[in-house]
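Me: Hi! I'm new to this one, could you walk me through it?
Reply: Happy to, here it is.

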Amino acid sequence: MDKIKDTRSFMRITHRYLGYFLAGIMAVYAVSGVLLVYRDTDLLKKEKKYDKVIEKNLDEKALGKELKIKNFEVEKKEGTVLTFKQGTYDAATGQAKYSKKELPFVLDKMTKLHKAQSKDTLSPLNTFFGISLFFFVISSFWMFNPKTKAFKRGMIFTAAGLVVSILLLLL
């Protein structure tokens, strides 16, 4: 009985203080996650104009990649000047004049949290956050005595959450 009580106490205390620690991180992830849902819209984005010299004689695919414009498509070509929805590119000089709609600096940085790869400096934070959230899942089962009504209802909600998540993933 003491071992069960020690485990429950450890889980509850760790859950509590880890929860307080992660509250700020979760707020940032929550905001950036909502922003990413609407990344295909112009929500909170402002138009930013660019005028820069890039490599000369890029083809359409390389130009879109260099300018970091999704679904890039050249609409017309007059001499060495390629015209696209966002602006123009002179293949002879490398001069690119274009505009893009972007999130403000801080919000843009926040959305990078969700896009981090193992090589990025944010990857340890993402890994720590993911492992911590998994700990929250596991430790939450030690918050209530398994014989209580609250625990039994909690198990029903857990099962419902799993089923809804799996159904939405499969759709």
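Reply: What follows is a short tour by question and answer.

Me: What should I know before I start?
Reply: This is a predicted model, where local features need pLDDT of at least 70, side-chain atom pairs count only at pLDDT 80 or more, and totals for chains, interfaces and linings use all residues. Residues are numbered from 1 along each chain as its sequence is written, and side-chain values use heavy atoms, with hydrogens and water left out.

Me: Which residues does the UniProt annotation "transmembrane region" cover?
Reply: The unreviewed UniProt entry gives residues 17-38, 125-144 and 150-170. Positions are in the numbering used here, feature names are shortened, and annotations may be inferred rather than shown by experiment.

Me: How much helix is there over residues 17-38?
Reply: The chain there is 95% helix and 0% strand, with its end C-alpha atoms 33 Å apart. Over residues 150-170 it is 100% helix and 0% strand, and the end C-alpha atoms are 30 Å apart. Helices (H or I, at least four residues) and strands (E, at least two) are DSSP runs, numbered from the N terminus.

Me: Which residues of H4 are buried?
Reply: Ser 123, Asn 126, Phe 129, Ser 132, Phe 135, Phe 136 and Ser 139 are. Buried means under 20% relative accessible area, exposed over 50%, and partly exposed in between (1.4 Å probe, protein chains only).

Me: And what covers them?
Reply: The cover includes helix H1 (2-37) and helix H3 (105-115).

Me: Let's pick Asn 126. What is it in contact with?
Reply: Leaving aside neighbours within four places in sequence, Asn 126 is in contact with Tyr 29, Leu 113 and Ala 116. Contact means heavy atoms within 4.5 Å. Asn 126 counts as buried because its relative accessible area is 19%.

Me: New topic: how many salt bridges are there?
Reply: A search of the whole structure finds 5. A salt bridge is a side-chain nitrogen of Lys or Arg within 4 Å of a carboxyl oxygen of Asp or Glu. One of them joins Lys 101 and Asp 42, at 3.3 Å from N to O. This pair links distant parts of the chain, with Lys 101 in strand E5 (residues 95-102) and Asp 42 in the loop between H1 and strand E1 (46-53), 59 residues apart.

Me: What about Glu 102, which residue does it pair with?
Reply: Glu 102 forms a salt bridge with Lys 100, the closest N and O atoms being 3.9 Å apart. Glu 102 is partly exposed at 22%, while Lys 100 is buried at 19%.

Me: Which residue has a positive phi of about 65°?
Reply: Leu 44, although it is not a glycine. Leu 44 lies in the loop between H1 and E1 and is partly exposed, at 48% relative accessibility.

Me: And about 55°?
Reply: That is Asn 71, also not a glycine. Asn 71 sits in the loop between helix H2 (60-67) and strand E2 (74-78), and is exposed at 76%.
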